[in-house]
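This briefing goes through one protein model by topic. Please keep the sequence and the structure in view while reading.

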Amino acid sequence: MRSMGINMEEAKLKTLSQIKAFLDGTSEVTFRVSKGERNQFIERVFKRFGYASHGRVEKGVLLRYIERMTGLSRQQVTRLVRQYRKDGKLSKHPQRVAPKNGFTRRYTVADVAFLAEMDVLHNTLSGPATKKLMERAFQVFDDVRFERLPDISVSHLYNLRGNKQYQNKRRHWTKTNPTGIPIGKRRAPQPNGIPGYIRIDSVHQGDQDGVKGVYHINAVDCVTQMQFVATCEKISEAYLLPVIRQLLDGFPFIILGFHSDNGSEYINYKVAKLLEKLLAEFTKSRPRHSNDNALAASKNASVVRKHFGHAHIPQYCASLVNAFCTEYLNPYVNFHHPCFFPANNHG
């Protein structure tokens, strides 16, 4: 019924002067021609007003009218005009047509799977080395699975490694597991301009071939923005508690508050006992309040991911990465890296 009403009202516009008055009198149309009826509507307008017989100014008025009624851009309307002038009509349901000279996919899903298998066996060597391995697999050992891959360029080999199918086969990331333990107050930190209220979060360097990567623990002070990053092999209590102590000892002021998300690596009795000894308030994020720990999450991206990326780092490298954080990353971030943040100005 609505579409019929639009068509009946629109059909009353029979002259260009009426079209101009309509455009001048309506800054915004609250109704539009439906997507399925656009081409039929445009074709009716072209025929009713004899589009081809008008000059440039009059044609511009008609195009503006079509844009207003359909919501299409000028470029889209212009393409439909070309089609109408060529064929004398517009198709009811325009379909995308593949280009005649489009690119064909040379390397198949199976080729990507074979590349991933080769990388699993050899622990992801460099592009040239992997290319040589695939050449040898086909030419020396007659493995027909690698028939197409020996001719691949090294640059495109790296492209295939970035392919979603490759990533899905070799890597996956998991979200933080929530816990139902009634530990900590469920609210945002309230530092009131006083340093010592820490927000903390963990960053996982992903799994590869079923093997876990290292975990970075990122702690940021709400007021001063002072930040310390530490790395541990796992986030079980035996590995995580020493790292948390290391982080809290690094801050040059008394720890008054400790805020985390609801991950079980933080919401447990061992962490709660540690904070109780420090007389620090323990708070945790609320459901559907993403800003509660947004400061730590933003630092995960701007500092941790910027320096370590998303690539897999094996767990046996945890001590080396942690030493890098302690000796280089943390001093750089806190004493040599400019940091802008909002400050309350009561003056």
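How many of the residues of strand 6 are buried? Six of the six residues in strand 6 are buried, and the strand is mostly covered. The model is a predicted one. It describes a protein with 13 helices and eight strands. Of its 347 residues, 41% count as buried. Among contacts between residues at least 6 apart in sequence, 67% join residues at least 24 apart.

- Six strands form an open sheet in the order 2-8-7-3-5-6, and the pairing is mixed.
- Strand 2 (185-186) and strand 6 (227-232) are the edge strands, each pairing on one side only.
- In general, the strands of a sheet pair through backbone hydrogen bonds, in either the parallel or the antiparallel sense.
- Strand 7 (residues 257-260) and strand 8 (residues 281-284) run parallel and are joined by four bridges. Glutamate 281 in strand 8 is the bridge partner of glycine 257.
- Strand 3 also runs parallel to strand 7, with three bridges between the two. Here histidine 259 in strand 7 is the bridge partner of arginine 199.
- Strand 3 and strand 5 are antiparallel, paired over seven bridges. Aspartate 201 is opposite asparagine 218 in strand 5.
- Strand 5 and strand 6 are likewise paired in the antiparallel sense, over six bridges. Threonine 231 in strand 6 has histidine 216 opposite.
- A hairpin is formed by strand 5 and strand 6, with five residues between them. In that turn, glutamine 225 has a positive phi of about 65°.

- From strand 3, Tyr197, Arg199, Asp201 and Val203 point one way. Ile198, Ile200, Ser202 and His204 point the other way, and all of these residues are buried.

**Helices lying across the sheet**

- Helix 10 (residues 237-250) lies across strand 3 (197-204), strand 5 (215-221), strand 6 and strand 7. Its direction is at about 160° to strand 6.
- Helix 13 (residues 318-335) lies across strand 5 and strand 6. Helix 13 runs at about 175° to strand 6.

**Asparagine 218**

- Asparagine 218 is a residue of strand 5.
- Its relative accessibility is 0%, so asparagine 218 counts as buried.
- The side chains of asparagine 218 and asparagine 300 make a polar contact (2.9 Å).
- Neighbours within four places in sequence aside, asparagine 218 is in contact with Arg199, Ile200 and Asp201, with Gln227, Phe228 and Val229, and with Ala296, Lys299, Asn300 and Val304.

**Packing around helix 7**

- Helix 6 (residues 109-122) packs against helix 7 at an angle of about 110°, and their axes are 11 Å apart. At this angle helix 6 is therefore roughly perpendicular to helix 7.
- Helix 6 contributes Leu115, Met118, Asp119 and His122 to the contact, and helix 7 contributes Thr130, Leu133, Met134 and Ala137.
- By class, this contact of helix 6 with helix 7 has five nonpolar, two polar and one charged residues.
- On helix 8 (residues 154-161), the axis comes within 9 Å of that of helix 7 (residues 127-139), and the two cross at roughly 95°. Helix 7 and helix 8 are therefore roughly perpendicular to each other.
- Gly127, Pro128, Thr130, Lys131 and Met134 of helix 7 meet Val154, Leu157, Tyr158 and Arg161 of helix 8.
- The contact of helix 7 with helix 8 has five nonpolar, two polar and two charged residues by class.
- Thr130 and Met134 of helix 7 take part in the contact with helix 6 and also in the contact with helix 8.

Definitions and conventions: Residues numbered from 1 in each chain as written. Predicted model: local features only at pLDDT ≥ 70, side-chain atom pairs only at ≥ 80, totals over all residues. Heavy atoms only, no water. Axes fitted to C-alpha atoms, helices over the stretch in contact; angles between N-to-C directions. Parallel < 35°, antiparallel > 145°, perpendicular 65-115°, else oblique. Contact = heavy atoms within 4.5 Å. Nonpolar A, V, L, I, M, F, W, Y, C, P; charged D, E, K, R; others polar. Pairing = 2+ DSSP bridges. Buried < 20%, exposed > 50% of the residue type's maximum accessible area, 1.4 Å probe, protein only. Polar contact = N/O pair within 3.5 Å; in protein donor to acceptor, adjacent residues only side chain to side chain.
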